[in-house]
Structure formats: structure tokens, C-alpha cells
Amino acid sequence: MANRARWVMKFEKGLIDILHENNNSHYRTPNGWRSEGWKKIVKEFNDRHPDAGFTKVQIQEHETQLKKDYKLIKSILQRDGVSWDQNASMIRTTDEIWDEIIDESPKARKYQSKSFPLLQSLEMLLERDIPEGVGSIDEEDNNTSTLQIMSRRLSALVPGSIDEGENNISTLQRTLELGSQGLEDVDLLQNHDEEALERPQPGADPKPQQRADEPAQSSSCIEPQKDKPKKRKASDIQQTMEAYLDFRMKQARMKEQTKKDGEQFSISRCIKALHSMTDVSDQVRVLAADVFKDTVNREIFLSYEPRLRALWLKREVNRLLC
């Protein structure tokens, strides 16, 4: 247990982002990630998060745990009387239904008061078809050059991650527009190269014309040409990129909304309201800090009229002590 990795939200979101970036049939099958895929995921994760220092086993175990948590929450949401709070990323239902849920699945207890902001991104990863991956070496080289062009465009506009607060919706929209233009440029370059190969080079011998008295060569004698490896269309790459950027834009919108909610229902406002409450013990005042760490709890507390805040706060503190 001493060597067990400590996963915080920054690392979890970082892992999901990398899984999305490598989500294609070259690295993943319907049964799970290929060994080559895991090798790439682990390297990219530790390159981006050197302070984590997670091993391959630790990353694989947490990916499995995230899938279990996702399936658990999805199963809870199938119940009548249960809904999903998109802004708070939490399950909403009555205390009676929660009691039934916990009786059937004790592990669900933590999500009675805990958010799960990865639900939407995991749904995109686990519920959608796996995009087509790279194939032959020639095709992979072609895709590599395409993605390098795209990477230069994207890195110029998206220097960091949403967790660091460096992205916004307008930046992502510009990224998508320039990314699409980059794929069109790649198509033009590829078509130009193919046309250049088909044109006769200066100084080259022209193709000899067949003499009238020479028998036509049978089509059966013509050496069959080997089938050229199919290239992955730029439109396929663009479709994958658009889906990923759409996901990042939704993340940005959710973060902006969360920021607004955080300012309206801040911890300092809750503490200030707590100072004016005379019917609360010192122990409850101290433990209230743990209750106020949750955004939803802060919103509920400040939404109550002053005479009910103490009653609600005492109940939440008792839950923490249970």
C-alpha cells in the first residue's frame, strides 16, 4: 500500500486525454488496449506528468477502476427517480432511493456526496466505436506527416491543458478551423505529389508507341500491379479530431460555468455566513470546512434561509463522522 499511486483529478483527466488521443484500432481492440498502446500511453503520461511517476501497472489498474466507476454510475442513472446534475457532475435523487442503492451496491456510497466530472469523457471513450487505426508502414508514414502538420497548428494555439486554465472556447474553435484547413492542405500536397509522379520527367524517354504491324500484347501477359496500400483519408482524421475538440470545448464550457458557480458559492462566503450562526458548536464549525469543500454543499448551504442552515450543517457533519 505504501507504493500505491495517489491519483488526483489532474492526473485522472490527463490519463483520459491521452486515452482519447490514442483511441484507434492500431492501439485498442474491443477487448482492451494492445501492449503497444499501453507502452505509448504510459510513456506519454509520465512525460506530461513527471511528478506522478506512476508505473504501467498502476496506470492500468486505475484505468480499470475508472471504467468500474463509470459503469456503476451509469447503472445508478438507469433507476427511476435518479438524474444527473451536469453542472455539479453529481447524481441527484432522494435519501430513500440512495439507501436502496447503497444496500445493493455499498461502493456507491461515496458518490452520494462526491462528484464524478469524468462521466462524459469516459462515455465518449467507452460507448463509441473505435476509430480506424493506421495500417501499413507506408500508410503510417503518411499519417505521421499529416499529424505532424496538425500538431504544429494545434500546439501553436493550445499550449496547455484545460486543467491549467490556458484554454478557452474561442481558442478551441480557432483550433478546429485551422486544423481543418491543415487537413485540406495535406490533401492538396498529396494530390500534387501523385500528379507529379505520373507526369513524365524532363529528359526521360517517351513511352514507345506500338507499331501497326506488331501484334497487340495480350492483357494476360501484362504484369499485374501490386495493390497499393490504402491511405487513411484525411476526412477520417478530421472526424476524429473534430470529435475530440468538441469534447474539449464542452470541458471548457463546463469549467467556465464551474468558475462562475465557485465565485457565487465560495468557501469564504460560507465561512462568513457561519460566523453569524450562534447555535453551532466549535466542533461543527471546524468540521464545516470539510463539508464546504464540495461545491454542491456550498450551494445548498447558502441557498437555505439562515434559520435552517444550522440544522442542515449539523446533519452533514454527522454524516462525516459516521
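Biologist: What makes His62 count as buried?

Modeller: In this predicted model, His62 has 12% relative accessibility and therefore counts as buried, since buried means under 20% relative accessible area, with exposed over 50% and partly exposed in between, for a 1.4 Å probe and protein chains only. His62 is placed in helix α3, and its side chain is joined to that of Glu12 by a polar contact of 2.8 Å, a term for a pair of N or O atoms within 3.5 Å.

Biologist: Why does Ile41 count as buried, and which residues is Ile41 in contact with, leaving aside neighbours within four places in sequence?

Modeller: The relative accessibility of Ile41 is 0%, so Ile41 counts as buried. Ile41, in helix α2 (residues 35-48), is in contact, meaning heavy atoms within 4.5 Å, with Leu15, Ile18, Leu19, Asn22 and Trp33 once those neighbours are set aside.

Biologist: Why are α3 and α5 called roughly perpendicular to each other?

Modeller: The axes of α3 (residues 56-77) and α5 (residues 119-127) come within 10 Å and cross at roughly 100°; angles of 65 to 115 degrees count as roughly perpendicular, under 35 as roughly parallel, over 145 as roughly antiparallel and the rest as oblique, and α3 and α5 are therefore roughly perpendicular. By class, their contact has seven nonpolar, no polar and four charged residues.

Biologist: What conventions apply to the numbering and to the model?

Modeller: Residues are numbered from 1 along each chain as its sequence is written, and side-chain values use heavy atoms, leaving out hydrogens and water. Because the model is predicted, local features need pLDDT of at least 70 and side-chain atom pairs count only at pLDDT 80 or more, whereas totals for chains, interfaces and linings use all residues.

Definitions and conventions. Axes are lines fitted to C-alpha atoms, for helices over the stretch in contact, and angles run from 0 to 180 degrees between N-to-C directions. Helices (H or I, at least four residues) and strands (E, at least two) are DSSP runs, numbered from the N terminus. Ala, Val, Leu, Ile, Met, Phe, Trp, Tyr, Cys and Pro count as nonpolar, Asp, Glu, Lys and Arg as charged, and the others, Gly among them, as polar. A polar contact is a pair of N or O atoms within 3.5 Å; within protein, one must be able to donate a hydrogen and the other to accept it, and residues adjacent in sequence count only if both atoms are side-chain atoms.
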